[in-house]
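Hi,

Here is the structure I promised to pass on to you.

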Amino acid sequence: MTIQEEKDFILSVQVKNHAGVLQRISGLFSRRCYNIKSIVAAQTVTPELTEILIVVTGDDRVVSQVKKQVEKLVDVVRVTVLDQQTCIAREHMLIAVNRTMETRNRLLGIAQVFHAEVLYVKEDTVLFEVVGTPATLDSFVRLFAPEEVKKILRTGTMAIQLD
Amino acid sequence: MKLNGSDIIMECLLEQGVDTVFGYPGGAVLNIYDALYKYSDCIRHIETSHEQGAAHAADGYARASGKTGVVIATSGPGATNLVTGIATAYMDSIPMVAITGNVGRSLLGLDSFQEVDITGVTMPITKHNYIVKDINQLADTLREAFYLAQEGRRGPVLVDIPKDISAQVTDYEPVVPKKPELPKGPSAADITRVAERMAKARRPFLYLGGGVLAAGGEQAAAELAKRLDAPVSCSLMCQGGFDQRDPRYMGMLGMHGTKVAALALKHCDLFVAVGTRFSDRVLCNADTFATHCSIIQIDIDPAEIDKNILVSEKLCGDARQVVEELLENLPQQHHGEWMDQVAKWQQEYPLLQKQNDPEKPTPQFIMETLDRLTDGEAIITTEVGQHQMWAAQFYRFRHNHQFLSSGGLGTMGYGLGASIGAQIACPDKQVVNIAGDGSFHMNCSELSTASKYGVPVIELLFDNQVLGMVRQWQKLFYGGRFSQTTLEKKTNYEMLAEAFGVQAMTIRTADDVEPVLKAALQTTGPVLIHCLIDPDCNVLPMVPAGASAEEPLLDM
């Protein structure tokens, strides 16, 4: 069997809003040993439907298995593996970093480049809110030394396939 | 009309044509049992000794009849006792509806007495499950449960009903059940392409799985074997899916498959798999399975394609429908030389059990005698272990619904309950449960169910005083350290059977086999036959862990 490259896939799963539907999906992933990198449940225009966006790590065979297994769940309406070339993916991050007299200007400079919102400032801390692709958020975080970062909260990936 | 929840359950069962349910009463299902009392003229309730036995009986009923089995249990321990039975049905894709009571809605989530989150517990082992929190959803939920159990790849569905729901009153209108439609199936182009590929094969191998039986595709499969001019092997789940008296039949494939099937696998140039999921017990080592030939897989569940092994051609759909479509596109093939080769192997490698102890009958002799005396027409249920394999190897099955065994989950304790369910589904058939002494002890209390209801099953107990299958592995791979597999129980099986109200017979020597089996077959009530066999009889051939399915051990 040829070894295929592992990468991230984004699955968009439309589900009926029944009790326990998230448990059914996450349970399926854990018992079949699929790796969930992130999971986001989003409301849609139709109140009875929820869109769940799941980032899965694996090769092509794994992702096709994941898709077929998820499709079997009774509450699942539709599963799409998003094409990362043509979909728009966004994550949301709150990040608190150390602030000193020496770094305060650099911090503001970084914020400007990334269109980050400064939500809160006190003498020794700045809290940024950043929205962007997962890669953009990764680069934002990399601009700080690990000891500079006090706390990071990142949502999972939301993504929309362009027609 | 206005009905309470429990009466609605009964009416929904009647809508579905259910006339028999298995179960056990309890606090949370008091209302439901009160309705069963009222409906006892049209719904027969079989009360087992333990909810697990009821679940296996519902499963056996489903396998023997093709209908959906129904089991009812109370909340908490009643519900959790069903779990093994539901998981057994799930692994073997058996249609079953389990109805559990739960505590009233106001007590849910408070760790109330006998409360358990059974929908949470059974999520991984049901096709789907429900907790009904609105009386107005009850009837439709039950209808959907029955629909799902039979639709596509079949399986168990659980409906959990809080106690207050089973008492609440609402409007009920009968509805004609929605019949599951067959899946769309492959395109005409796919069918033609695969049929052409089949026509190019020179040494085809036809392998049949449980999906053939689920689809009622035995005749189509037999026709395909002829048309393709191929030898046939069946998985454990497809025993009876092909007439085993037919010279094309090579026996099982895989861990305890025959040498003939293994040789044919090694030399075939096309492996056609119908209604099967390539379980690890068949593949043995997926990396060395059928590497030199192409594989065509036909299965109803798209998720089973390319799951355990990558295949060259896939046809997703109902096994019978797909095979019938293939037959329309496949001209008669002729593989005389290949069939001759297979026949030679059959001469060379028959299944033969060594007799270590000249006093004691071999399991082969017992099963073959049973086969002869019942003309291969009995329904055989099994527990799990060596005796299960011997039953599959030496009884020559020829019909659907004839071999009932826990293939996927491997549930010791399955067979006795299943045999009771099968006998109730098919009162005119002879039902024999083949058991080992290990499995027997798991659920032997169901003998009392057989005797209470006068269910005339034969419990044929192979007593070798050991957990033979595990012991066999200990012999091969654990230096003969028989950790906890030497049972040496003091059980007096004859007295135990009689204590339960079941007639007992004993087979001590080979000479006893025929007269005792004959006597048991003529008895009208349930019979236990205590049959002493050699503890060192192994299941052979055998493919050790990690080895190739093409190279089984013939001796050990």
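This is a predicted model: local features need pLDDT of at least 70, side-chain atom pairs count only at pLDDT 80 or more; totals for chains, interfaces and linings use all residues.

**Chain A**

Chain A has an open sheet of 4 strands in the order 2-3-1-4, with antiparallel pairing. Strand 2 (35-43) and strand 4 (76-81) of chain A are the edge strands; each has a single partner strand, so one side of each is left without a neighbour in the sheet. On average, neighbouring strands are turned by 20 degrees against each other, direction ignored.

Strand 1 (residues 7-16) of chain A runs antiparallel to strand 4 of chain A, and 5 bridges join them. In one bridge, A:L11 is partnered with A:V81 of strand 4.

Two helices are worth a look as well. Helix 1 (residues 21-31) of chain A packs on the sheet and touches strand 1, strand 2, strand 3 (49-58) and strand 4; its direction makes about 15 degrees with that of strand 3. Helix 2 (residues 60-72) of chain A lies across strand 1, strand 3 and strand 4, at about 165 degrees to strand 4.

**The interface**

Chain B and chain A bury about 1400 Å² between them, 50% of it on carbon and sulfur atoms. B:M123, B:H128 and B:A303 supply 37% of the area that chain B buries against chain A, more than any other three residues. The contact involves 18 residues from chain B and 13 residues from chain A.

Which side chains form the 1 salt bridge across this interface? They are those of A:K72 and B:D301, at 2.5 Å, N to O. There are also 7 residue pairs in polar contact across the interface. The side of chain B that touches chain A has 8 nonpolar, 4 polar and 6 charged residues.

Best wishes

Note on methods:
Residues are numbered from 1 along each chain as its sequence is written. Chains are lettered from A and ligands numbered from 1 in the order in which they are written. Side-chain values use heavy atoms; hydrogens and water are left out. Contact means heavy atoms within 4.5 Å. Buried area is the accessible area (1.4 Å probe) that two parts lose on being put together, summed over both. A salt bridge is a side-chain nitrogen of Lys or Arg within 4 Å of a carboxyl oxygen of Asp or Glu. A polar contact is a pair of N or O atoms within 3.5 Å; within protein, one must be able to donate a hydrogen and the other to accept it, and residues adjacent in sequence count only if both atoms are side-chain atoms. Ala, Val, Leu, Ile, Met, Phe, Trp, Tyr, Cys and Pro count as nonpolar, Asp, Glu, Lys and Arg as charged, and the others, Gly among them, as polar. Two strands pair if DSSP finds at least two bridges between them. Axes are lines fitted to C-alpha atoms, for helices over the stretch in contact, and angles run from 0 to 180 degrees between N-to-C directions.
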